[in-house]
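Keep the structure open and follow along.

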Amino acid sequence: RGPPWSGRRRLYLADSFEGIPQPRSKQGRAVDSTAQWPEQYRYAAGQALARSTLRRYGLLDDRVLLVPGYFNVSLPALNPSALALIHIDADAYDSVTDALEGLYSRLSPGGYVVIDDWHLPGVRAAVLGFRARARVSEPLLPAPSDHVTTCSPDWSVPDALTVHPLTVVYWRRDFPES
């Protein structure tokens, strides 16, 4: 029994596999809270861990393609004909911007964009900036979920947790008008 997607659709799992990069743009440095995160909170996980997790849930087969590298380098080289879903969990302004700029033009009409970590200022700024530049007019909606517990921005408190009421948003790309 294979993964729960139909036909021969591919799953592209793009990640640095080295953790969240430091902000590189002026805007990223201005708005991105991840710049102050200690190294242990930069979420580095290798490809072996990603494969192991997919295997554990029965989702690893020949349709899964791991795409290593920072998004500004790896995504322009990726060449899928069309995407049905873009799920971005990148935590940082530059990474979210790079993912949207590298993938959105390939999103099929009726496809969805899901953005994690909406509570982070850099993520919000990246999404709102991209939507304005790309003239995305579809409504930005809260994902149906309960409150989500995430790590605290107060790094001086060991294992501190914060509850954020809205951490995931999405929109559906409309079909073009005939």
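Arginine 133 has a relative accessibility of 48%, so it counts as partly exposed (buried is under 20% relative accessible area, exposed is over 50%, and partly exposed is in between, with a 1.4 Å probe and protein chains only). Its partner in a salt bridge is glutamate 101, with 3.1 Å between the closest N and O atoms (the term asks for a side-chain nitrogen of Lys or Arg within 4 Å of a carboxyl oxygen of Asp or Glu). This pair links distant parts of the chain, since arginine 133 sits in helix H5 and glutamate 101 in helix H4, 32 residues apart. Helices here are DSSP runs of H or I with at least four residues, strands are runs of E with at least two, and both are numbered from the N terminus. Glutamate 101 is partly exposed too, at 46%.

A quick word on ground rules. This is a predicted model, where local features need pLDDT of at least 70 and side-chain atom pairs count only at pLDDT 80 or more, while totals for chains, interfaces and linings use all residues. Residues are numbered from 1 along each chain as its sequence is written, and side-chain values use heavy atoms, with hydrogens and water left out.

Now stay with H4. How many of its 11 residues are buried? The count is 10, so the helix is largely enclosed by the rest of the structure. Among the elements covering those buried residues are helix H1 (26–31), helix H3 (71–77) and H5 (121–133), along with strands E3, E4 and E8; contact here means heavy atoms within 4.5 Å.

One of the buried residues of H4 is Asp98, with a relative accessibility of 12%. Aspartate 98 makes a salt bridge with arginine 24, at 2.9 Å from N to O. Arginine 24 lies in the loop between strand E1 (11–15) and H1, so this pair ties together parts that are 74 residues apart in sequence. Arginine 24 itself is partly exposed, at 44%.

Next, the strands. E3 (residues 83–88) and E4 (residues 107–116) pair in the parallel sense over 5 bridges (pairing takes at least two bridges found by DSSP). The chain gets from E3 to E4 through H4 (residues 93–103), and this β-α-β crossover is right-handed: with the strands pointing away from the viewer, the path from the first strand over the helix to the second runs clockwise. Look for leucine 85 opposite tyrosine 112 in E4. E4 also joins E8 (residues 168–172) through 5 bridges, this time antiparallel, and there aspartate 116 has valine 168 as its bridge partner.
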